[in-house]
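Let's take a walk through this protein, one stop at a time.

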Amino acid sequence: MLVTSDARRGAEVFGRRLVDGLLRRGWDAQLVSLTGGAEEAVEGVKLAPRGTPWPLVIRSLRRYLLRRRPQVVFANGGATLRQGVLATVGMRAAPPVVYGSIGEPSYWLRGGLHRWVQRLLIGRCAHVTAVSEATRRGLMEVLGVTSDRITVIHPGVDAEAFTPTAGSDPGEPLRVLFAGSLSAEKDPAVAVEAARRMGGKVVLRLVGDGPLRSELESGAPDNVEVVGPADDMGVEYEWADVLLLPSRTEGLPGVAVEAAAAGVPTIASRVGGTDEIVADGASGFLVAAGDVDAFVDRLEVMAADRDLVRRFGEEARRRAVSDFALEASIDAFAQVFAEVAR
């Protein structure tokens, strides 16, 4: 199972959980990070140091595959697709590649040439998994992948690993959590601006790292703290009343699935597959991406009605347990891999 790096990000963390689940089922599975070196790292094989040119990464991956001779290679995320496919080109008895699409194709494609390359790479894959129906539609409409080659598998979560808490009291500021990459596509600046406008009614905690971190730290108001990567996200969910997810693009946000399992409702941008985990007006709120006024409005509602926050949290957890069970997700992936390996 290929992931981009060993950093503790959504695709990497779920990749580790998936590998562990396959191991529990008696599979011989290995998580392989194309590059490594993060301080807070997921466990697995690291092929090359961070910053290694991609042709050298491909060479390292090819050597690894020739030694291990896997029956299936799972390229989990767009950044692994190129390396996973090119490493197997010309290989005798090359293993089939399954591509795990985790985003919105239309957001990440950079012109006609990039589209053509992606079509070519996906065409060499034995099958494609998509994290959401929105991702599946994008693969079909933008890249021409036929429906019979796509299986939608939501990223699962072990709800028993998260313990819902009572949350803050009505007289206290609403505790708002942003968790994810501090980068443009996650748009943490919207979260900070919303907190600025809310003033003492909320406290915002930014958990994560990325290219915007120093800018956010220098411009953060008093009710915003930037804490960096988390060792234990369970602690962060226990602290939070609400998850704020102002992303400009998503496949299906794993952080919202985890928050739901912890009984934390989400206010999210209506992008990608967010509506497949956040039920607007039932387990959270959905608003237009980049609409700070709308985020502020929903925060005002939640800050003023903690019973609503509790009800939303209960519904969020119910949906996580019923629709996003980790073991069901692992079983679905195992079925795809078994079919491809025949």
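Start with the residues Ala256, Ala260, Val264, Pro265, Thr266, Ile277, Val278, Ser283 and Ala316, which line the largest cavity. Keep in mind that what you're looking at is a predicted model. How much space lies in the largest cavity? About 50 Å³. Sort its lining by class and you get 7 nonpolar residues, 2 polar ones and no charged ones.

Two or more lining residues come from each of α1 (10-24), α2 (54-68), β4 (73-76) and α13 (326-341). Which element gives the most to this lining? That's α2, with 4 residues. As for the class of the lining residues here, 17 are nonpolar, 2 are polar and 3 are charged.

Last stop: Lys186. You'll find Lys186 in the loop that runs between β8 (174-179) and α7 (188-198). Leaving aside residues up to four places away in sequence, Lys186 touches Phe178, Ser181, Pro246, Ser247 and Glu250. Zoom in on Glu250 in that list: its side chain and the side chain of Lys186 make a polar contact, at 2.8 Å.

Conventions: Residues numbered from 1 in each chain as written. Predicted model: local features only at pLDDT ≥ 70, side-chain atom pairs only at ≥ 80, totals over all residues. Heavy atoms only, no water. Nonpolar A, V, L, I, M, F, W, Y, C, P; charged D, E, K, R; others polar. Polar contact = N/O pair within 3.5 Å; in protein donor to acceptor, adjacent residues only side chain to side chain. Contact = heavy atoms within 4.5 Å. 1 Å grid on protein atoms, 1.4 Å probe; cavity = no way out; pocket = protein on both sides within 12 Å on 5 of 7 lines; lining within 4 Å. Points joined across faces, edges and corners; volume = space filled by probe spheres on them.
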